[in-house]
Amino acid sequence: MKVWKRVRFLKKDKKIDMITKSYVNYIYENSPINEIFDRYKVSPSERVRLNQYISDRIAGLVVLSLANDKRSEERFSRNA
């Protein structure tokens, strides 16, 4: 698995943060995660760490999706 330490985005790719936050909010809103946090007495610092982990993973998926879309666009424009 490739680990990216530094990624630079084009201006139009800056919405990745917004997309990621939307996904994380959706996941937390429609799940029993708060009950799990309360049941197992998860500390606020551990919650922040878990939130960051989930956000990073979702952002990685969004970046891969955008990269795949750009490759498809490049192939399409070459064939046109």
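Visitor: What should I know before we start?

Guide: This is a predicted model, where local features need pLDDT of at least 70, side-chain atom pairs count only at pLDDT 80 or more, and totals for chains, interfaces and linings use all residues. Residues are numbered from 1 along each chain as its sequence is written, and side-chain values use heavy atoms, with hydrogens and water left out.

Visitor: How many helices and strands are there in the chain?

Guide: Three helices and zero strands, in the pattern α-α-α along the sequence. Both kinds of element are DSSP runs, numbered from the N terminus: helices are H or I with at least four residues, strands are E with at least two.

Visitor: Why is Thr20 called buried?

Guide: Buried means under 20% relative accessible area, exposed means over 50%, and partly exposed is in between (1.4 Å probe, protein chains only). Thr20 has 4%, so it counts as buried. Thr20 sits in helix α1 and, leaving aside neighbours within four places in sequence, touches Ser55, Ile58 and Ala59; contact here means heavy atoms within 4.5 Å.

Visitor: What makes Asp38 and Arg47 a salt bridge?

Guide: Their N to O distance is 3.4 Å, so this pair passes as well. Asp38 counts as exposed because its relative accessibility is 54%, while Arg47, at 26%, is partly exposed.

Visitor: Why is the pair of Tyr28 and Phe37 called tilted?

Guide: Rings of Phe, Tyr and Trp (its six-membered ring) pair if their centres lie within 6.5 Å; planes under 30 degrees apart are stacked, over 60 edge-to-face, and the rest tilted. Here the centres are 6.4 Å apart, so the rings pair, and the 40° between the planes makes the pair tilted. Tyr28 and Phe37 are both buried.

Key
A salt bridge is a side-chain nitrogen of Lys or Arg within 4 Å of a carboxyl oxygen of Asp or Glu.
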